[in-house]
Amino acid sequence: MSQQAVNGVPSRGKVLTVDNMNPNVKRVEYAVRGPIVQRAVQIEKELREGVKKPFTEVIKANIGDAHAMGQKPITFLRQVLALCAYPELMEDNKFPEDAKKRAQRILDACGGHSIGAYSASQGIECVRQDVARYIEKRDGGIPSNPDSIYLSTGASDAIVTMLKLLVCGEGHDRTGVMISIPQYPLYSAALADLGAVQISYYLDEDKCWSLDVAELRRALNAARQHCNPRVLCIINPGNPTGQVQSRQCIEDVIKFAKEEHLFLMADEVYQDNVYAEGCKFHSFKKVLFEMGPEYSSTVEMASFHSTSKCYMGECGFRGGYMEVINMDPEVKAQLIKLVSVRLCPPVPGQALLDLVVNPPQPDEPSYTTFMKERTAVLAALAEKAKLTEEIFNTVPGITCNPVQGAMYTFPRITLPQKAIDKAKEQGQVPDMYYCMRLLEEEGICLVPGSGFGQREGTFHFRMTILPPTEKLKVVLQKIRDFHLRFTQEFS
Amino acid sequence: MTENGVMSRAKVLTIDTINPTVKKVEYAVRGPIVQRAVELERELSQGMKKPFAEVIKANIGDAHAMGQQPITFFRQVLALCSYPELLSDNTFPEDAKSRACRILQSCGGHSMGSYSASQGIDSVRKDVARYIERRDGGVPCDPDDIYLTTGASDGIVTMLKLLVSGEGATRTGVMISIPQYPLYSAALAELGAVQINYYLNEDKCWSMDIPELQRALDEAREYCNPRALCIINPGNPTGQVQSRECIEDVIRFAAKERLFLMADEVYQDNVYADGCQFHSFKKVLFEMGPEYSETVELASFHSTSKCYMGECGFRGGYMEIINMDNEVKAQLTKLVSVRLCPPVPGQALMDLVVNPPQPGEPSYDSFIKERTATLSALAEKAKLTEQVLNTVQGISCNPVQGAMYSFPRITIPEKAVKEATEQGQQPDMFYCMKMLEETGICLVPGSGFGQKDGTYHFRMTILPPTDKLKILLDKVKEFHQKFTQQYS
């Protein structure tokens, strides 16, 4: 007879507890949606319930979500998606011919002509062909094989899939994966989940967050003592730092990867988000091939892109792809098998990606509007990137590197020793303490630098540059005021 | 580097240095036979001559691919959500517009392009909770217990991931039926968990049997730590619809043996056979009183891919978590946040599924008409399939009580078994490959789902339009007779 039956009351613990759950999951952290955001959501609820606060709204400048901050979708993309969802609209004169044509092409590639059918697990074939053509155009003609393209549920999905493939070994042989400090915490989360070894290499804050091969080498050599380094991850343009790598740097990284026998992972989701003069996006694929067959036939690489960033900002659709270069055919077969278990990426996201890589052309009806919208979005971002850098640099105790690209600023903040002590007393990381205070006092939600990684003894926060310009000015001012107040309070 | 400048080093990532658990993963529904089917399609499109004019992909539960039409109302709302300018268009009914507005209001910047909360859009989770309450005769459902997911598969894998821990003899064991939907075996292989097989009873229409659960569990305790029990109801591939009594027995078993219950209920609207009814695990659990409803840990899964919607491509789904430890829940919430959120179009679609047109609303009549037509067509095809296959000597088909598949048992002549084995192939794979090459019909061999040793099956969907299905069934019959003859 069970214990329950004896006294009629369940007396045993649960089957699934924090002590017996998957230990890797416990090690996972994801600051972009971590404790500070949970508090922000709570505060929003309190505001709605009428609780009085020193502010009337919470500004969520923690996450790279453009539409949430008021950016408008690109008309053409949404027209085609509507046509795909409800093909009866093909009869509607409201829709331009080029939108109808694209929709028809996509539907013809879907089972039963419906976006409700599963697609091939690697993604709809004609979309992969379009992606390959886009890559070729982007990279000055360097060939791209549609069979090397894997559509994914956002870039995150493909990144995690590749890392999963790469992780093996035990103890000293455990796979080590190099990733920048600071980094986008999907990487640290995935590595924790997979039980892989994270090998941190520092970006150089004094040189606008540039990558330094000497530092790569230092990190790698130190890591070789305790793991088996096999992968090097780069985010370019960078997140959270926004740095756009120079072509020379990319070549140096490729040489390093080859020398040290590392699989390269190039996260390029911000490839259209380049603002600073003198900066240009160079795809790793292009540079690799321009370095000649010694490299282009040997270096194994995966490049990642997404529909969530750039000028589209279509985060909710979870569209993305990866291109794999020089992957062993047997491994490729394993990859195909692995992605088949989840059946396929969301078809609306695949359709959206098709439009991103196959946008209106100069001779098409939607071209002018498309270009106008695209240009407006990117120009606004460039303006906001500059504005942010300028204003932050007027604040004593805040130093902001130029926001060369991407969607974030990652300024360094000086925290008075007293504040650091207070934070520690409360068991909080100092920049979390700072950001929590900012949230409670101004309703502005940022992510502390500790969520991304930073040099010991330094503090940062990551803020998006996404709010509309007028609102951004207000936000920047409030942060300035807060910082001065905070510094005063703990002086 | 060798003397002649040729690279002689092996690749960084090879079959020997890849993650070993990935190698153990198999997923027959899209496995080798499907890859061959795709190859054949390519050859056909290139003009190659075959004994058939088209490949029929009866391997996968993809209704739209087989000609089933989407529900008009759903697609109208999705179009409105995608391109809200259409709200001023008179061709859309008011109820579609008001649903679309409600969904868009809950999205950041009123756009489906925003990330949602990681657990899913708040108002959608509330609607899901209300749907569950209605479905379950008023048993309360807390929206905070609802997690929207990227298809049900996503939720299932996430839960399994949480559950798997330990090493060696304490490694987590997870009970799953034989036969099963191979997502489970694939996920368990990938996670390095122990798969504990319990056999469904083919002679009793694939029913579950507590003594068999007990046998499987007791044996497994020797070498692992059994912690979870997975049920698929209605069943995949078998289609069996569990009786209420059986569900109660399973719940009692899980409570007694301290197992986390996972109830995969994605086919909950696909029930055809007389006398069969869908009983949700949640409902039965609560009707068994607090001794069970306050203690048994349960996760139930649903999806937009099956039932009458068939919207596989949208990757919509949810799970409801019952009696989960609060700290574990916080971990779950944290885990799903790393992938940001499930696809918003899929969330919007789920909202419509749980909040369909009501009597009195403009779209109600069409909606019910379309829904009824789809479900009755499936019921008709389920019956037809069972009937035709049972006329074939050497094929024996249990009633297709629910879901979307038949899983008939086939007798394979000894000579064929021998030839298959010589070729290093499972006999039912050998059979199915031959059928594919000779008729263009793509099925999945029973070995991909699991079956008792020495028995053979295939899984075939009942999804092709009725006329096509009749032809398909005749071809399968013809093939089986030929095959049996050939190897007699």
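Q: Where in chain A does A:Gly171 lie?
A: In this predicted model, A:Gly171 lies in the loop of chain A that runs between helix α7, residues 154-166, and strand β3, residues 175-181.

Q: Why is A:Gly171 called exposed?
A: A residue counts as exposed when its relative accessible area is over 50%, and A:Gly171 has a relative accessible area of 52%, so the word exposed applies to A:Gly171.

Q: How far apart are the C-alpha atoms of A:Gly171 and A:Thr414?
A: A:Gly171 and A:Thr414 are 243 residues apart along the chain, and their C-alpha atoms are separated by 39 Å.

Q: Why is B:Leu352 counted as buried?
A: Buried means a relative accessible area under 20%, and B:Leu352 has 0% relative accessibility, so B:Leu352 is counted as buried. This residue belongs to helix α13 of chain B, which covers residues 344-354.

Q: Which residues does B:Leu352 touch, not counting residues up to four places away in sequence?
A: A contact requires heavy atoms within 4.5 Å, and B:Leu352 touches B:Phe73, B:Phe74, B:Val77, B:Arg99 and B:Ile103. As for B:Ala382, which is 30 residues from B:Leu352 in sequence, the two C-alpha atoms are 27 Å apart in space.

Q: How do you know whether the radius of gyration of chain B agrees or disagrees with that of a compact globule?
A: For 488 residues a compact globule would have a radius of gyration near 23 Å, and chain B has 24 Å, so the two values agree. The C-alpha atoms of chain B fill a box of roughly 70 × 65 × 55 Å along the principal axes.

Q: What share of the residues in chain B is buried?
A: With buried meaning under 20% relative accessible area, buried residues make up 63% of the 488 residues in chain B. Among the contacts of chain B with a separation of 6 or more, 71% are between residues 24 or more positions apart.

Q: What does UniProt list for residues 109-475 of chain B?
A: An unreviewed UniProt entry lists these residues of chain B as "domain: Aminotransferase class I/classII large", and over residues 109-475 the chain is 42% helix and 16% strand, with the end C-alpha atoms 54 Å apart. In chain A, an unreviewed entry gives residues 85-479 for "domain: Aminotransferase class I/classII large", and that span is 42% helix and 15% strand, with its end C-alpha atoms 43 Å apart.

How values were computed: Residues numbered from 1 in each chain as written. Chains lettered and ligands numbered in written order. Predicted model: local features only at pLDDT ≥ 70, side-chain atom pairs only at ≥ 80, totals over all residues. Heavy atoms only, no water. UniProt positions renumbered as here; feature names shortened; annotations may be inferred. Helix = DSSP H or I, 4+ residues; strand = E, 2+ residues; numbered from the N terminus. Buried < 20%, exposed > 50% of the residue type's maximum accessible area, 1.4 Å probe, protein only. Rg over C-alpha atoms; globule rule 2.2 N^0.38 Å.
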